[in-house]
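Me: I'd like to go through the side-chain contacts of a model. Here it is.

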Amino acid sequence: MDKFKIAKTVSTITNPPIITIPLFLIICIVLSFENGGFNLSKFITIELISLVFTSALPLAIIIFWAKKLNTDRDISNREDRFMPLIIGIISYFIGVIVLWALGIDNFLTLLLLCYSVNTGVVLIFTTKWKISVHTTGLSGPVAALILLLGPFGAVFGILYPMVIWSRVLLKKHTMAQAIAGGVQGFFLTVIEMVLFADIFNIPLTNIISLEMSVLFILAIIATPVVLGFLSYFDIAHKKAVFYLSQLVFLLLFVAFAPADVTAIFIVICLASVFISYWAGEDFIWFRVLNSS
């Protein structure tokens, strides 16, 4: 089994304009259930808007820019990423305007506004540091699904350690860049959704609280962040430190969080450990978990 080919496949599938297609499809389906039924007309409208402004236009500029610069589709050179990011910001904001003009769905309108703002944050980071667009692009829609579906949305967080592994193994990002992209994307999205709803006085219904969203996010990022931390620092008995930290997190979640949050933590923890051992010595997490 060629793990590098698998990593390339994971990386391709989770490219932001690609991963938005299935995740926004789920978001649009959920948003189209209202008044006890499924609004097909609303679904078609918001799905088309999502496809155009979160996938088709950003993907088109990536392909065009990569071809123009004769570089890879990841646009690996940090300095070459500015133009696609700027076009992405514009595309998402046009989507905001279209949704606002139609008045068809508050949640999706604010989500695309978050996309535009978060891409601006990534652009600022990119001036100095190559933060991962892949993990940022994944965390945004997953955060939205958490707001809409709670634990059922948080389950998609299992993709987070997979994307970290693929980007690091392919040497597209450092461990810190891959982890940081997801962390900022998760937190910024849920905080901005609640903040923008308050600032613009736009009601959001049938979503979980900000506090619960943060708990689910902590459950998703806890294990990858600890593994990332241990990857960088020369600490004695890393394996013991890792498992002790996971035990502490587990006890904290059991004591202070609902059972479904604890369940998500366990799922992501087990997935991260599995990925680490399966990846083998080519991946730093494996060496952390096999240190003396």
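Me: How many disulfides does the structure hold?
Reply: This is a predicted model. A disulfide needs two cysteine sulfurs within 2.5 Å. The sulfur of Cys114 is 15 Å from the closest cysteine sulfur, in Cys28, which is too far for a bond. The number of disulfides is therefore zero.

Me: Is Cys28 buried or exposed?
Reply: Buried means under 20% relative accessible area. Cys28 has 0% relative accessibility. So Cys28 counts as buried.

Me: How many salt bridges does the structure hold?
Reply: Lys42 meets Glu34 in a salt bridge, at 3.3 Å from N to O. Asp105 and Lys42 meet in a salt bridge at 2.7 Å, N to O. For the structure, the count of salt bridges is two.

Me: How many residues apart in sequence are the parts that Asp105 and Lys42 tie together?
Reply: Asp105 lies in the loop between helix 4 (82-102) and helix 5 (106-126). Lys42 sits in helix 3 (residues 40-69). So the pair ties together parts whose separation in sequence is 63 residues.

Me: Which residues do salt bridges that share partners join into one network?
Reply: Lys42 pairs with Glu34 and also with Asp105. Lys42 is buried at 6% relative accessibility, and Asp105 is buried at 8%. Glu34 is partly exposed at 31%. The network joins Glu34, Lys42 and Asp105.

Conventions: Residues are numbered from 1 along each chain as its sequence is written. This is a predicted model: local features need pLDDT of at least 70, side-chain atom pairs count only at pLDDT 80 or more; totals for chains, interfaces and linings use all residues. Side-chain values use heavy atoms; hydrogens and water are left out. Buried means under 20% relative accessible area, exposed over 50%, partly exposed in between (1.4 Å probe, protein chains only). A salt bridge is a side-chain nitrogen of Lys or Arg within 4 Å of a carboxyl oxygen of Asp or Glu. Helices (H or I, at least four residues) and strands (E, at least two) are DSSP runs, numbered from the N terminus.
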